[in-house]
Amino acid sequence: MIVAVARRIALSLLTLVLLAIFVFVATEIMPGDALDVTLSADELAMIPPERLAQMKRELGLDRPAAERLVAFLAGTVQLDFGLTIISRTPAADIIAYPLRNSVLLAGAVLAAAIPLALALGVAAAYRYRRALDNAVSAGAIIGYSVPEFVIATVLVILFAVLWPLFPATITAATRDPAHVLLAAAPLPVATVLIGSIAYLARILRVGMIEALASDFVERLRLTGVPEWRVLLLHALPAGVIPSLTAMALYAASLVSGIVVVELVFAYPGLGQELVRAVTRREVHVIQAIALSSAVVVVGLNLVADLAILLLDPRTRR
Amino acid sequence: MRGFARSILRRRLAVLGLALVAAHLAIALAAPLIVPHDPFKLLDAPLEPPGAAYLLGTDELGRDFFSRLIMGGRVAIAAALAAGFLAAFGGGLVGLAAAYYRGLFDDVVSRLVEMKLAIPAILFVSLFVTGFGQTLPVLVFVMAVIKMMGVIRTARAQGLVLMEQGYVKAAILRGERGPVVILREMLPNVADLLSVEFALRSSSAMLLVSALSFLGLGLSPPTPDWGLMIHDGLQSIRSEPWLILAPALCISTLVVGMNFAIEGVADAAGLEAARGTAGH
Amino acid sequence: MKAMHRRSLLKAGLAGTAFLAALDRSLGLAQAQAAPKRGGTLSYAQLSANRRSADARNARHPYFVVDANTRLQWNCLTWVNEKLDVEMELATKIEPTDDRLVVWDVALREGVRFHDGREMTSADVASSFEYHRRNAPFARQIQRIETVGKYVARFTLETGNAEFAYILAEYNSVIMPAGSLETIGMDGIGTGPFKIVATDANRSMIMERFDGYWREGAPYLDRVEIHNREGQQESALNGLRAGQFDAVLTIDPRAVQQLQSDPAYDIETARGGYSFVIQLPKHPGSPFLDKRVRQALACAIDREAIVRVAYGGKHGWIGNDSHLMVTDAAFVPRPGGRDVAKAKRLLAEAGFPNGITLPTLYFSPQLPEVPRYFQVLQQSVKDAGITVPIEERPNDGYIQFRTGDNDLSKGNFHKFAMTAVGSRNPGISLFRMRGANVESGHWRGPEHDRYMALYETAMVTRDAGRRKAIYAEMQAILHEEVPAILPAGGDTFLVKRKSVRNMPYHPQIWSIRFDHVWKA
């Protein structure tokens, strides 16, 4: 057991190190370096080489790639992602609060999505191939097929403009306390929630169908265990456990959805910073955002894996 | 085969999905022939209401909105299909190879897959767009890489099953070389699986490319594109809501149609599509 | 001569107070039963942000987001009113001490307090301008600044400038408490009617009434909240409709069309408003080194289409490739109009018979109409065989991005890019095309020198009619040389709820005052 847990943790750490290397290689070594990325092709063509060399020296980009990679990794461990190219501000300072705010939004979405998806998934599986199941399945497909920005736009028209129940744009400040941000965010949460429920309900439904069709559920039923006990105490854990990994993977697509709604609702999170950084070609900020969200996703995967280890005796080998 | 077709036709949602996809593809292919106006030309005053001259009026630049709407799926659909194909084919090969060779290669591939799955798609695209520029080939390539990871997983799992099959074992015993075994013996046996993957990955690539365009990280103006159109239409969300609703309806019907079709076809073929949606 | 000049400036000062009085009167008539009310919060969204430093290190500095909050937080020595006439603000008198109009004495208002309670004196003015003359493009002509008395400061200019009083009203040139060059302005303390309570860089700023404000009885509001929604007009207007904002500044004509029939809102217009300069880099290898390419581009742009699409026709005007606004009396229309055939001919002569692909033209959404403006421009030059890729960049950090290395000795690499141009008096506007300014694409050569010689003459010419003639000659040089292109401009607007009173708009967004805004 301890060995298995340690192995999982070590693998997660290894994944993160590889990720950091990958992020650095993809953004700084393959295309050249941070400066090549920041400057446009026109500029690179027009600036004389000696001037370019001087600019690179000023930014410390004249060192060999391997040396820069080591420096990058060392910095990353200390949460130092370097300075922005344009304003020379630490990238970590720029993303700290937005990261908290995005995690907050994601937490709110998950807190609402998981129970609802569980209810729908279980109900659909229980009524497998009947009207309820068909409705849930079709609804789920529609739910995750309609883009978030479409849902967000429709929700704004309905609930902020035509029937002004909720704020259309978020005026809370980046460093406001959590409850202020959440109070302003019902529409962004609802937007991501729709896709999340659809997605998670679908995964859970499949898990539950398998669990309900399994021999041990059949045996329980034959021994006269009440149906609700079979469903909630036996089939449910058996159905959820194999779905945990798929659910943790969902964290990655959750981030993508959050980026979109943050832009639509002017929510002060990582999505805003990400688009700002991409349009400004601020490589270090993008690296910091990519790595910090990867830490969250890898962390969630680790939690899911450990939960499976804990709950499912078959995996403890 | 006839039984399979009948089995699909019995599924009403699948039929609806196939019809939607067919209609979208037909329009996208025929678009240059059927557009009433040049979708780029500044024809008239901006935001003319729908009428006889312009079926859906003009957009915020005075271009014919109907023509742009018809053309608006072409680039995104082509990009999504290309990415989906590359992902299914490339991912299939890599996954099978991992299953065949095992060992270090398998470990490296598995680690890479896990790594990529930990970076949200939009961030992954951001990394590459920043590094290599926001061009169509870069977008297609990046989307293919993103969507490939899930395919590798599926193909690898299936490959491990195939490795236990008699004909694969026989081929190996005959002394066939690795690439030959993978291409000749294994690949044909995962063709149906990869076809489903291709469709699935294409549909999620369609969602991704639209979201990217909406964010300003995907296709660039003046390309007619639904994601861009919705972004621009936000300005007149109250006065000319059709500028948003029409492209929103287009994207949604296309992706919903694709997923209904995939679900139905996979179900009829006895394949489990539900698991594959992990690439969403 | 000198006396006359003095009188005209004095008159400007008097006109200022008279103007304000007239404004109050007219409002009194319009809303006879509603006397101004004290108190309340004004929450507004701004769509335009002219940003210098894009970072979050200090969001209180006057060079950060320099626009509408300039007169909330600070004051300048002078103020330019809605008609673009100069009035006194923290100064009471501005006069030249010599005939060459090079050395100027500025007498200060006495008893003005900063937000921290200290009294403003000439030492603060000197310290502030030591900073501005190094950092603000408009203040570079100031060579020296000294204190003559506690309430008198003396400015020495590079060359004479009859319109110097306007320079002192510019957006960066606020008066800050004296400090070192490194730290001055960082605390955000000014003499303005509101003081900062909280800032969220790039996002919002919250201000409260400053009780020690020098203008008697002002301000009426207790609190002002500024929310930055640059590039997101739809988000700002949704906020307005949902009741989150009382006003939105710099909305575009398209939004005006949607809102003007709605009885819940008032639209305020600033005529002339803004135009956009496209700088044409002239460093080695640039296609714009060839005058014929610049002329071809100027001929190929369909300026009428820009006016039609970006400004809804009636709110726009065709630019003349100088920084002058059409509302300026000195404005001379560009001769010839659009001429695609001529553009093709010029390109052929320049060695591009099959058309030319220009470098990427960058723009930032400084005003909401900008993306449409540049898409029309891109589409229209295609007719002349000109392909120009366009790319949007965020406002945040745009000045640094656009100007690049604005250093002539280092090769002054800057971009083929646009920036917004506000309404100003002709002296300042025409001075912006000097070769030392990046907006001219660092224009050089004999025609440039002739242009600058004319400018210097104009600046010491006191006869307004003769000055206007010189300005016309300068514009003729620009029409021929095309150092930069200013295709079109248009009015700007603000929308406010009916309950917000006495909030007129201003063609210079940094000159808007909130002193007498109140909420019913």
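Let's start where the two chains meet: 50 residues of chain A and 48 residues of chain B take part in the contact. Please keep in mind that this is a predicted model.

**The interface as a whole**
- The size of an interface is often given as the accessible area lost when the parts come together.
- Here, chain A and chain B bury about 4600 Å² between them, and carbon and sulfur atoms give 75% of that area.
- On the chain A side, A:Phe22, A:Tyr144 and A:Phe149 supply 12% of the area buried against chain B, more than any other three residues.

**Salt bridges**
- The rule finds two salt bridges across the interface of chain A and chain B.
- A salt bridge joins the side chains of A:Arg129 and B:Asp267, with 3.1 Å from N to O.

**Helix α7 of chain A against helix α12 of chain B**
- The crossing of α7(A) and α12(B) is right-handed.
- From α7(A), the residues in contact are A:Ala138, A:Ile141, A:Ile142, A:Tyr144 and A:Ser145; they meet B:Val255, B:Val256, B:Asn259, B:Phe260 and B:Glu263 of α12(B).
- Sorted by class, the contact of α7(A) with α12(B) has seven nonpolar, two polar and one charged residues.

How values were computed:
Residues numbered from 1 in each chain as written. Chains lettered and ligands numbered in written order. Predicted model: local features only at pLDDT ≥ 70, side-chain atom pairs only at ≥ 80, totals over all residues. Heavy atoms only, no water. Left-handed = near helix turned anticlockwise from the far one by under 90°. Helix = DSSP H or I, 4+ residues; strand = E, 2+ residues; numbered from the N terminus. Contact = heavy atoms within 4.5 Å. Nonpolar A, V, L, I, M, F, W, Y, C, P; charged D, E, K, R; others polar. Buried area = accessible area lost by both parts, 1.4 Å probe. Salt bridge = Lys/Arg side-chain N within 4 Å of Asp/Glu carboxyl O.
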